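Have the structure open as you read along.

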Amino acid sequence: MAPVTFRDEIATGKALAEFTLPDLPERISARELVRLRVRVVSFGKLVPLVGG
C-alpha cells in the first residue's frame, strides 16, 4: 500500500490545497483516483461509497 498526495495549484504554481490519501493499492486507475479525490473535496474526508 502506498500513499498519494494531491496538490491543487493555480497556473503560477501557488498551492491552494494539499491532502494525502493513505494506504492506496500499488496499482489504481486514474478514474478511481479522481473518484477518491472528489469524495474528499465533497465531504471533507474520505467516506465509504455505498453500493460501489
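A salt bridge here is a side-chain nitrogen of Lys or Arg within 4 Å of a carboxyl oxygen of Asp or Glu. With that in hand, and keeping in mind that this is a predicted model, a search of the whole structure turns up three salt bridges.

| Salt bridge | Closest N to O distance |
|---|---|
| Arg7 and Glu18 | 4.0 Å |
| Arg35 and Glu32 | 3.6 Å |

Arg7, Glu9 and Glu18 are linked in a network of salt bridges. Arg7 sits in strand β1 (residues 2-9) and Glu18 in strand β2, so their contact ties together parts eleven residues apart in sequence. As for solvent, Arg7 is partly exposed at 45% relative accessibility, and Glu9 is partly exposed at 43%. Glu18, with a relative accessible area of 52%, is exposed.

The Arg35 and Glu32 pair belongs to helix α1, where these residues are three apart and thus separated by about one helical turn. Arg35 is partly exposed, with a relative accessible area of 31%, and Glu32 is also partly exposed, at 25%.

Now for the nonpolar side. In soluble globular proteins, nonpolar side chains tend to be buried together. In this model, the largest nonpolar core has six residues: Phe6, Phe19, Leu21, Leu24, Leu36 and Val40. Two elements, β2 (15-24) and α1 (30-43), each give two or more residues to this core. Strand β2 provides the largest share, three residues.

Key:
Residues numbered from 1 in each chain as written. Predicted model: local features only at pLDDT ≥ 70, side-chain atom pairs only at ≥ 80, totals over all residues. Heavy atoms only, no water. Core = buried A, V, L, I, M, F, W, Y, C linked by side-chain atoms within 4.5 Å. Buried < 20%, exposed > 50% of the residue type's maximum accessible area, 1.4 Å probe, protein only. Helix = DSSP H or I, 4+ residues; strand = E, 2+ residues; numbered from the N terminus.
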